[in-house]
Amino acid sequence: MPTHLPTVALCGQGVQVPIPQLGFGVWQVPNDEVTPAVAEALRVGYRHIDTAKIYGNEAGVGTALAQSDLSADEVFLTTKVWNRDQGYDATLRAFDASQKRLGRPVDLYLIHWPVASKDNYVDTFRALLRLREDGRIRAAGVCNFSVEELQRLKDELGEFPAINQIELHPHFQQAQLRAFHADNGIVTQAWSPLASGGDVLTDPVIGRIAQRLGRTPAQVIIRWHLQIGNVVIPKSVTPSRIAENFDVFGFELTADDLAAIEALNKDLRTGPHPAKFD
């Protein structure tokens, strides 16, 4: 792993598992396009790839990893169990299928959505803990979980997830949930870190910071995520954008910059509300 890539520690089974803080996401990238995109990301320097069963591109991700000269130890790999595969036995079967498509070990396995209406997420997380205990994954986590759902996992299974991947960007900062994460050793990971290319990228405050630093708005936002401690997974299939999103280690935001971005929160989601998504 390139020495300049910062990591944060996930709680594994009695050990701390380092996850590169900047990763490469592949949501909405078709399977036939994901192999060259991941190959380019690895060439640029990314060492953390985030996929999911529902993306339909695990096989293409696996092909890119197999064609690279990087070992499994050099690339942190995440995938996710989909909603209809929740439940203890079904999750174990879903993991087997994902790992077969990927063709290499999975570091982090996540519950993609809580799907509280079906009330299977506790048994699903129990299956993730079994996979971790059996040495098949290094860490177990979730996506889109609320404080109440996280606390229920702790109350019923004795531990919190290592990470919660949530929608998070300057217009939707989730400060209360992030504070709960920090208080309980849960890493915050941001999906849609650029708000799916929406109004965040044209926000004049971010634009002024970018102009002063000679950077793009996307680079400023990714740098903001890194400096406040988030794991962040921007995605692109455009080589120049893949490189641009990675080129965020040669500058820093000031305390005034961070405060100005913090003030941009509008509690504005771009994706579905987890309580209503099943």
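Which residue lies over the face of Y121, and at what distance from the ring centre? In this predicted model, the answer is R152, at 5.2 Å from the centre of the ring. A charge is said to sit over a ring if NZ of Lys or CZ of Arg is within 6 Å of the ring centre and within 35 degrees of the ring normal.

The model is predicted, with local features needing pLDDT of at least 70 and side-chain atom pairs counting only at pLDDT 80 or more, while totals for chains, interfaces and linings use all residues. Residues are numbered from 1 along each chain as its sequence is written, and side-chain values use heavy atoms, leaving out hydrogens and water.

Rings of Phe, Tyr and Trp (its six-membered ring) pair if their centres lie within 6.5 Å; planes under 30 degrees apart count as stacked, over 60 as edge-to-face and the rest as tilted. The ring centres of Y46 and F246 are 4.8 Å apart with planes at 50°, so this pair is tilted. Y46 and F246 are 200 residues apart, and their pair links distant parts of the chain. Y46 has 0% relative accessibility and counts as buried (under 20% relative accessible area, with exposed over 50% and partly exposed in between, for a 1.4 Å probe and protein chains only). F246, at 6%, is buried too.

For W113 and W191, the ring centres are 6.3 Å apart and the planes are at 65°, so the pair is edge-to-face. Both W113 and W191 are buried. Finally, ring pairs join F24, Y46, F246 and F249 into a cluster.

Key: Helices (H or I, at least four residues) and strands (E, at least two) are DSSP runs, numbered from the N terminus.
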